[in-house]
Amino acid sequence: MKYAALSDKGLVRPNNEDAFLATEAAIGVADGMGGHEGGELASQIALEEASKAITSMERRPKATLAKIFANANSAVLRMARESQQTGMGTTLTIAVLKKQRIWIGHIGDSRAYLLRGGNLEQLTEDHSLVGDLVRSGGLSQDEARTHPKRHVITKAVGTQKLIKPDIFSLAFEDGDRLLICTDGLTNHVEPDSLSKLAAGGSPESACERLVEAAKERGGSDNITVVIGDINGASESKPDRSSTDRRTVLSRLFGKNGVN
Ligand code: MG
């Protein structure tokens, strides 16, 4: 997978509580919540768990994804307990290529999309109050994007002892483009524009176009976009590239100098 990622704190928020994972084998985002540094910690911890498990993902993608979410959940709960922070949690949406399939693990209101043959398809369902209302027919997608309670999510990593992420897979095709993003993008950019801006050019240029569009339209939240282009060589072995690993970890820990 040829990939690129971009995270921007936007124009309103004082800090960036989003984080991303971007490697040859897997891409993902996490959108943290919680006071003080709780949100930033939660999203970083969740992706760190993902990053650890993906490097050892072998025959059982579904079980490995389930384990990633369970471990991320325990890690965030533990951190909240130890740092005595309340309200700490994070969304987590990841896509892993394995056995000629895209494996998706998802919880919260970040999203995964598939761009195939010019069509943009949303692969994930939002676990949010407005997402429930849209599914029951009580709200349109447009209304959901500006609804005052659009930030209320119904499931997240680190908010309950047991979580039930959505885990599923679909066959990939050459030329597929995966887009994973936080709600800082989708609350500002409607599906038609999203589809146009995400298509064409390199993953880097598409990430830049999308983040720019969200900022032009208000940038009210942190914006994170990860794009992966799938080609014939994408069938992933466990990603042991030290360069990729370093990229991920410097994103995760750069600020604290852990690596
Ligand atoms: Mg957000």
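Here are some friendly notes on the predicted model above, point by point.

1. **Ground rules.** This is a predicted model, in which local features need pLDDT of at least 70 and side-chain atom pairs count only at pLDDT 80 or more, while totals for chains, interfaces and linings use all residues. Residues are numbered from 1 along each chain as its sequence is written, and side-chain values use heavy atoms, with hydrogens and water left out.

2. **Overall make-up.** The protein has eight helices and 11 strands; helices (H or I, at least four residues) and strands (E, at least two) are DSSP runs, numbered from the N terminus. Of its 259 residues, 52% are buried. Here buried means under 20% relative accessible area, exposed over 50%, and partly exposed in between, with a 1.4 Å probe and protein chains only. Among contacts (heavy atoms within 4.5 Å) between residues at least 6 apart in sequence, 71% join residues at least 24 apart.

3. **The magnesium site.** Which residues hold the magnesium ion? D31, D183 and D221 coordinate the ion through OD atoms, at 2.1 to 2.2 Å. Donors are N, O and S atoms within 2.8 Å of the metal (3.2 Å for Na, K and Ca), and water is not among the atoms, so sites may look incomplete. Along the sequence the donor residues follow the spacing D-x151-D-x37-D. D31 sits in strand β3 and D221 in the loop between α7 and β11 (223-229), so this pair ties together parts that are 190 residues apart in sequence. D31 counts as buried at 11% relative accessibility, and D221 is buried as well, with a relative accessible area of 5%.

4. **The second largest pocket.** This pocket has a volume of about 170 Å³. Its lining includes the magnesium donors D31, D183 and D221, and also R13, E17, H151 and N222, among others. Strand β3 gives the largest share of the lining, three residues. By class the lining divides into two nonpolar, four polar and six charged residues. For the classes, Ala, Val, Leu, Ile, Met, Phe, Trp, Tyr, Cys and Pro count as nonpolar, Asp, Glu, Lys and Arg as charged, and the others, Gly among them, as polar. A pocket is found on a 1 Å grid over the protein atoms alone, as an open set of points where a 1.4 Å probe fits, with protein on both sides within 12 Å along at least five of seven lines; lining residues have an atom within 4 Å of a point. Grid points are joined across faces, edges and corners, and a volume is the space filled by probe spheres set on the points.

5. **The largest pocket.** The volume here is about 240 Å³. Of the 18 lining residues, R111, Q122, D126, G131 and Q141 are the closest to the centre. Helices α3 (129-135), α4 (141-146) and α5 each supply at least two residues of the lining, and the largest share, four residues, comes from α3. The lining has three nonpolar, seven polar and eight charged residues.

6. **Two nonpolar cores.** A nonpolar core is a set of buried Ala, Val, Leu, Ile, Met, Phe, Trp, Tyr and Cys residues joined through side-chain atoms within 4.5 Å. In the largest one, with 27 residues, I68, F69, L92, I94 and V157 touch the most other members. Elements that each supply at least two of its residues include β3 (26-33), α2 (61-82) and β5 (92-98). Leaving out residues up to four places away in sequence, F69 touches L92, I94, G105, H106, I107, V157, I163 and P165. A second, separate core of 19 residues includes A4, Y113, V189 and L197.

7. **Helix α6.** Which residues of α6 (191-198) are buried? They are S193, L194, S195, L197 and A198. Their cover includes β7 (111-116), β8 (119-122), β10 (177-181), α5 (183-186) and α7 (203-216). After α6 comes G200, with a positive phi near 80°.

8. Beyond its neighbours within four places in sequence, its contacts include M1, Y3, I94, L178, I180 and V226. In helix α7, E204 counts as partly exposed at 40% relative accessibility. With neighbours within four places set aside, E204 is in contact with K2, Y3 and A4.
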